Amino acid sequence: MGYRVTKKNRDTLSAYRKKRNKKSTPEPFPKKKSGGRQRQPIFVIQKHAASRLHYDFRLEVDGVLKSWSVPKGPSTDPRQRRLAVMTEDHPREYASFEGVIPEGEYGAGTVLIWDRGTYRNIKQGDDGNAIPMKRAFADGHVEIWLDGEKLQGGYALTRIAKDNKERWLLAKMKDKKADGRRKPTSTQPKSVASGRTMKAVHKEEKRGANKE
């Protein structure tokens with residue numbers, strides 16, 4: 001559906017704003033209005049070389065990006081379950097961010113758009129109807145179908161611990177898109193947005209910052 005930011009939705013981004021200095025980081029901040037026409041929700045996976053290299057897995061839900069830090073990155077092998085630590089909601093605009101977060105800022109390091117696309121909610125109840133994403137999150141089990149440039153098919157997110165840092169497991173579902181032989185995080189390292197490597201993003205963005 002089209003989306004208009006409400007006070008309730010803005011509140012979910014308070015942690016995002018508090019951790020970032022708008023004057024010091026190139027990261028995007030939420031706009032007052034977003035969306036418009038009907039469309040499918042988006043997902044993005046950003047490779048992030050912060051204190052430790054990891055992949056940020058993000059799903060658009062109710063106008064914001066629900067986010068997890070996945071240390072080993074996603075897999076196309078259903079036998080592999082990846083730890084996914086939930087982080088703060090990000091604004092939808094963050095899906096297009098690729099660059100370098102300056103030293104001294106929260107999450108300092110290089111960010112690359114590793115994969116992106118749209119997704120469908122495929123979690124069904126006993127009646128065969130789709131369970132709303134809000135309820136799926138509350139229940140701690142989300143099932144989605146990704147239509148990305150590198151990843152396609154069903155993926156499941158299952159909550160395994162709920163405390164100050166929610167821990168989930170991200171796993172590929174068994175379907176025609178599953179492939180235990182693929183290693184996309186190592187064989188497809190470049191950005192789907194710019195075609196750059198992490199090294200190139202870091203070098204080019206730092207060079208641009210020094211010219212300003």
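Predicted model: local features only at pLDDT ≥ 70, side-chain atom pairs only at ≥ 80, totals over all residues.

User: What describes a pair of aromatic rings?

Analyst: Two quantities describe such a pair, namely the distance of the centres and the angle of the planes. In this structure the count comes to 8 aromatic pairs. One of them joins Tyr16 and Phe29, whose ring centres are 5.8 Å apart. Their planes stand at 70°, and planes over 60 degrees apart count as edge-to-face, so this pair is edge-to-face.

User: Where in the chain do Tyr16 and Phe29 lie, and are they buried or exposed?

Analyst: Tyr16 belongs to helix α2 (residues 14–18), whereas Phe29 is in the loop between α2 and β1 (42–49). The pair links distant parts of the chain, 13 residues apart. Both Tyr16 and Phe29 are buried. Together with Tyr94 and Phe97, Tyr16 and Phe29 form one aromatic cluster.

User: Why is the pair of Phe137 and Trp168 edge-to-face?

Analyst: The ring planes of Phe137 and Trp168 are at 65° and the centres are 6.0 Å apart, so the pair is edge-to-face. Phe137 is in helix α3 (residues 133–139) and Trp168 in strand β9 (residues 167–172), so the pair ties together parts 31 residues apart in sequence. Phe137 and Trp168 are both buried.

User: Which charged end sits over the ring of Tyr155?

Analyst: That of Lys172, at 5.2 Å from the ring centre.

User: Which strands pair with β6?

Analyst: Strand β6 (residues 109–121) pairs with β1 in the antiparallel sense over 8 bridges, and Ile45 stands opposite Asp115 of β6. Strand β5 (residues 99–101) also runs antiparallel to β6, joined by 3 bridges; here Ile101 has Gly109 as its bridge partner. Strand β7 (residues 141–148) is joined to β6 by 5 bridges, again antiparallel, with Arg120 opposite Trp145 in β7.

User: Why does Gln46 count as buried, and what does its side chain contact?

Analyst: Gln46 is found in strand β1. Its relative accessibility is 0%, and buried means under 20%, so Gln46 counts as buried. The side chain of Gln46 makes a polar contact with the side chain of Arg58 (2.7 Å) and reaches the backbone oxygen of Tyr94 at 2.9 Å.

Conventions: Residues numbered from 1 in each chain as written. Heavy atoms only, no water. Phe/Tyr/Trp six-rings, centres within 6.5 Å; stacked < 30°, edge-to-face > 60°. Helix = DSSP H or I, 4+ residues; strand = E, 2+ residues; numbered from the N terminus. Buried < 20%, exposed > 50% of the residue type's maximum accessible area, 1.4 Å probe, protein only. Lys NZ or Arg CZ within 6 Å of the ring centre and 35° of its normal. Pairing = 2+ DSSP bridges. Polar contact = N/O pair within 3.5 Å; in protein donor to acceptor, adjacent residues only side chain to side chain.
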